[in-house]
Structure formats: C-alpha cells, structure tokens
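Trainee: Hey, I've just opened this one and I'm new to it. Can you walk me through it?
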Amino acid sequence: KDNKEIKLAVYPDSFNRKKNINIFPLSGISKKETILCNENGYFVNYISDRYGFNNQDSEWDNESIEYLLLGDSLVHGFCVKEQNSMTSLLKKISNKSVINLSYGGNGPLIQLASLKEFKPKNVKKIIWTYSEWNDLIDIGFEFNNSILKRYYSNKNYLQNLKKKQNIIDDIGNKIIEKNNKVHSHSHFKNYLKNFIFLNNLRFVISKKTKFYTPEENFQILENILIKFIEYSKENNSIPYFVYIPSYNSFTDDINKR
C-alpha cells in the first residue's frame, strides 16, 4: 500500500486457463522488489532480474553459465530467505554461476517452455527438478493451453519473450492492479472457491480413486523429458534430472506407480 514500486510475484500457471491470449508470460515483473510469500512468520522478497526471475541480474552478463535451474516453488525460493534458496546454496557450494528459471506453480510443460525461451547461449549443466506431488497434475492444466502445447508439438516454436519483457511487465502490473481493487466480498468468494477446489483436488489424488492421474499425463511427461534431454545435448549442455518425492511415497500406496 505504501510503495507502489514493490510488486507481487505473478505466476505463469495463472495463465493456464486463459483463452484467446496473445502472449503466455513465463516470468514475473522485471527489475522490481518482489514479494514472494510468508510461511515462517516473515515475508520473503527479492529483486527480480531483467526477465522477471529470481536471480541477480548480473548473472546474465557471464560469458558462460555453470548451472541452469528449472523447477517450481521449491526452486523459485518458497518461502526461505535468499541465502537459503537453492540458487544461493548452489552458488556457495560450487563457487560457480547459476541462473534460475523456476517459478511457483510451474509444471513440466512450462519448464520446457522456459528452457527454450530463456536459456543463455553457453550453459554447461541444466538441472530439471521434478516434484512428485503435483507435476503430473500440472500437465493436465498446461497441456490444454494452446500456446504451451506448441512448445510440445513444435520443436522450433518460440514466443521470443526476451524481446517482450515490457509487455510482460505491463500484463503483470495490470493483474496486480486488478487484484488490489477486489473487495472483501470477492476475496471471500475466491477463498470459498479455492477451498472447494482444494478439497476436490485432495479427492482426486487420494486413495479413494484409482484414476487420480490420466494415463495420458504419464506419456506426455515422458515425451517432455525426452525433449529436455535432446535439447540439452543439442546445445552442448549436460542434462540432470532431480526427483523430489512426496511424503505419500513413504506412507501409503498412492504414488507407488
């Protein structure tokens, strides 16, 4: 309220269900202090880079990048102070350059799109982080978006987002401005809607149904990972796959498959 220059994170997955859009943003507002989240009693914030990601902007000026990170909220920086984020820890341990293209809510198809749009020219290692508890579900939402689907079906498809950051910033600012005008009644309606949706989601991924993930999603995930590996090798980068299991993997049969 006091400082209009401070921005909120604008999540790419919020565009999954939008129809008839000309641009699908894969990052937030650029070069602004950005509020991320508060899970531990303090707000996490960072200065976004030239493309709206959670990086020191100067990292993009390096002639080569040792590590490129792809993932969702865990890699984005939820909800820890900057020195405890994956990017900062990897830089500290390796003493090498790191670029993070992750954003909260990202699923495998958005990760593939982000890689194609924003990968610097000389990247030595690309680390793909897979979150077991939601990535297969995310595919269902992402694959229904016509723009995201083109990254999957057309090897050479690009939105050329690096050249459109001013448009992406404008879209993000309008979303924040619109949300700030929402009245408390609408807040309650959204809360109620989200509560119902989350309850439905819990049912879908629970043991009450054997069909919590469509068969198609497994095949799409496999194809996306093949495309990731092929793209990495074509660009002289070494691909790494990091599998982050869910709690349920160790407590019940939900994710044995």
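Trainee: Okay, which residues line the largest cavity?
Mentor: Keep in mind that this is a predicted model. The lining of the largest cavity is made up of Lys-7, Leu-8, Ala-9, Gly-28, Ile-29, Thr-34, Tyr-46, Ser-48, Gly-52 and Tyr-103.
Trainee: And how much space lies in there?
Mentor: About 30 Å³. Searching the whole structure for cavities of 30 Å³ or more turns up 1.
Trainee: Switching topic: how many helices and strands are there in the protein chain?
Mentor: You'll find 8 helices and 7 strands.
Trainee: Let's take helix α5, then. Which of its residues are buried?
Mentor: α5 runs over residues 146-153, and Ile-147, Leu-148, Tyr-151 and Tyr-152 are buried there. They span an arc of only 155° around the axis, so they sit on the same side of α5.
Trainee: What's on the other side of α5?
Mentor: Ser-146 and Ser-153, and those are exposed.
Trainee: So what do the buried residues of α5 pack against?
Mentor: Three helices: α3 (108-118), α4 (135-142) and α8 (215-234).
Trainee: Which residue caps the N-terminal end of α5?
Mentor: That's Asn-145, with a side-chain oxygen 3.0 Å from the backbone nitrogen of Ile-147.
Trainee: Zooming out, what share of the protein chain is buried?
Mentor: Of its 257 residues, 44% are buried.

Key: Residues are numbered from 1 along each chain as its sequence is written. This is a predicted model: local features need pLDDT of at least 70, side-chain atom pairs count only at pLDDT 80 or more; totals for chains, interfaces and linings use all residues. Side-chain values use heavy atoms; hydrogens and water are left out. Buried means under 20% relative accessible area, exposed over 50%, partly exposed in between (1.4 Å probe, protein chains only). Helices (H or I, at least four residues) and strands (E, at least two) are DSSP runs, numbered from the N terminus. The arc is that of the directions from the helix axis to the C-beta atoms. Contact means heavy atoms within 4.5 Å. A polar contact is a pair of N or O atoms within 3.5 Å; within protein, one must be able to donate a hydrogen and the other to accept it, and residues adjacent in sequence count only if both atoms are side-chain atoms. On a 1 Å grid over the protein atoms alone, a cavity is a set of points where a 1.4 Å probe fits but cannot get out, and a pocket is an open set with protein on both sides within 12 Å along at least five of seven lines; lining residues have an atom within 4 Å of a point. Grid points are joined across faces, edges and corners, and a volume is the space filled by probe spheres set on the points.
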